[in-house]
Amino acid sequence: MRAIRVTELSGPESVQVVEIDEPAAEGGVVVDVYAAGVAFPDALLTRGLYQYKPELPFTLGAEVAGVVRSAPEGAAVKAGDRVVGLTLIAGAMAETAVLTPERAFPLPDNVSFEAGAGLLFNDLTVYFALTERGRLAKGESVLVHGAAGGIGTSTLRLAPALGASRVIAVVSTEDKAEVARAAGATDVVLVDGFKDAVAELTSGKGVDIVMDPVGGDRFTDSLRSLAPGGRLLVVGFTGGEIPTVKVNRLLLNNIDVVGVGWGAWTMTHPGALAQEWDGLAALLTSGQLAVPQPEVYPFEEAAAAVASLENRTAKGKVVVRVRD
């Protein structure tokens with residue numbers, strides 16, 4: 001089968017399309033892959049900078065969408081089913097992938113393979129962040145940084161479906177502002193001066209939740225943008241710098257800084273992943289949640305797809321089409 005392989009840790013340019021043997025089924029769900037998601041950890045993996053360090057060479061990708069070829073007895077899916085699923089960090093960007101039964105889920109009929117491959121990491125992270133960690137209540141407001149990226153566009157789609165009355169997008173360019181508006185932003189502000197813009201938009205009250213996958217030097221102004229009782233959700237650090245917080249700010253304004261480690265949570269809470277998927281799938285099937293429209297790259301251009309995450313040129317979720 002064809003696979004996207006990392007052969008040396010020199011960045012996305014080291015990614016190659018090669019022929020390798022199919023993985024052994026070993027009691028798993030064997031999937032003929034139609035599309036695979038691309039995520040920020042993939043870029044880190046190509047440089048050996050992710051906490052998980054697979055032995056070289058390895059196949060990139062953790063998100064798959066395709067058709068089940070075979071499944072063990074007792075699995076929630078069967079041969080012929082359209083599915084989405086998660087590998088354990090690597091192995092998704094290939095013509096065939098093997099999933100553990102608890103990480104394979106039926107794909108709603110109204111969701112394409114490309115859109116399905118773009119759902120898992122981002123939408124499940126955001127669903128977990130807003131419901132479990134952020135305690136989003138109906139009518140609250142949400143601000144999201146990096147709003148034109150994968151986590152950002154997922155937040156713009158999901159927050160209203162989960163009850164938010166207002167979603168403010170923070171972007172770096174006017175071009176990305178259009179992406180944010182298309183994803184459902186109520187308001188869009190540029191990152192330079194966003195604190196003052198948010199104060200003006202909210203008449204000085206601030207927002208109830210800040211979703212931050214970026215980190216860096218905007219962190220303090222994010223805290224200042226929270227309403228009393230507000231929550232800042234720490235999702236990641238695509239900006240490179242891990243910020244620090246002076247905890248007196250939390251005390252004086254009765255605000256929270258909340259870590260969102262979705263992957264770690266699923267590892268320590270059996271059944272959480274299936275529960276989150278069921279909630280997300282119900283929103284998609286009912287039409288309450290818009291189906292994402294990812295950027296789709298041909299299989300042969302996987303290196304460029306991964307590079308777009310590293311250099312932050314990606315607009316929304318990025319997906320590689322494996323087969324038509």
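Pro-57 lies in the loop between helix α1 (40-45) and strand β4, where helices (H or I, at least four residues) and strands (E, at least two) are DSSP runs numbered from the N terminus. The peptide bond that leads from Leu-56 to Pro-57 is cis, with omega near -15°. Most peptide bonds are trans, and most residues other than glycine have a negative phi. The structure is a predicted model, in which local features need pLDDT of at least 70 and side-chain atom pairs count only at pLDDT 80 or more, while totals for chains, interfaces and linings use all residues. Residues are numbered from 1 along each chain as its sequence is written, and side-chain values use heavy atoms, with hydrogens and water left out.

Strand β4 (58-59) is an edge strand, as is β2 (15-19), and each of them pairs on one side only. Together with β1 they form an open sheet of 3 strands in the order β2-β1-β4, with antiparallel pairing; two strands count as paired if DSSP finds at least two bridges between them. Strand β1 (residues 2-6) is joined to β4 over 2 bridges in the antiparallel sense, and Val-6 stands opposite Phe-58 in β4.

Ile-89 is placed in the loop between β6 (82-86) and β7 (96-99), and its phi is near 80°, a positive value in a residue other than glycine. Ile-89 is partly exposed, with a relative accessible area of 26%; in these terms buried means under 20% relative accessible area, exposed means over 50%, and partly exposed lies in between (1.4 Å probe, protein chains only). Arg-312, in the loop between α11 (302-310) and β16 (318-321), likewise is not a glycine and has a positive phi of about 60°. At 39% relative accessibility, Arg-312 also counts as partly exposed.

The chain is divided into domain 1 (2-118 + 292-321) and domain 2 (122-263), with bounds that come from an automatic or database domain assignment. The centres of domain 1 and domain 2, taken over C-alpha atoms, are separated by 28 Å. Across the boundary, 9 residues of domain 1 are in contact with 13 residues of domain 2, contact being heavy atoms within 4.5 Å. The two domains bury about 920 Å² between them, 53% of it on carbon and sulfur atoms; buried area is the accessible area (1.4 Å probe) that two parts lose on being put together, summed over both. Of the area that domain 1 buries against domain 2, Arg-312, Lys-315 and Gly-316 supply 51%, more than any other three residues.

Several parallel strand pairings can be followed from strand β9. Strand β9 (residues 141-144) runs parallel to β10, with 4 bridges between them, and Leu-143 stands opposite Ile-168 in β10. Strand β10 (residues 166-171) is largely enclosed by the rest of the structure, because 5 of its 6 residues are buried. Strand β9 is also joined to β12 by 3 bridges, again in parallel, and here Leu-143 stands opposite Val-210. Strand β12 (residues 207-212) is mostly covered, with 6 of its 6 residues buried.

In soluble globular proteins, nonpolar side chains tend to be buried together. The largest nonpolar core here has 53 residues, and those with the most contacts inside it are Leu-130, Leu-156, Met-211, Leu-233 and Trp-277. Such a core is a set of buried Ala, Val, Leu, Ile, Met, Phe, Trp, Tyr and Cys residues joined through side-chain atoms within 4.5 Å. Helix α3 (residues 120-133) gives the most to this core, with 8 residues. The core draws at least three residues from each of domain 1 and domain 2. Beyond its neighbours within four places in sequence, Leu-156 is in contact with residues including Val-144, Val-167 and Ala-169. Another core, of 32 residues, lies apart from the largest one and has Tyr-50, Val-64, Leu-309 and Val-318 among its residues.

Finally, the UniProt record, an unreviewed entry, assigns "domain: Enoyl reductase (ER)" to residues 10-320; such positions are given in the numbering used here, feature names are shortened, and annotations may be inferred rather than shown by experiment. The end C-alpha atoms of residues 10-320 lie 21 Å apart, and the span is 32% helix and 25% strand.
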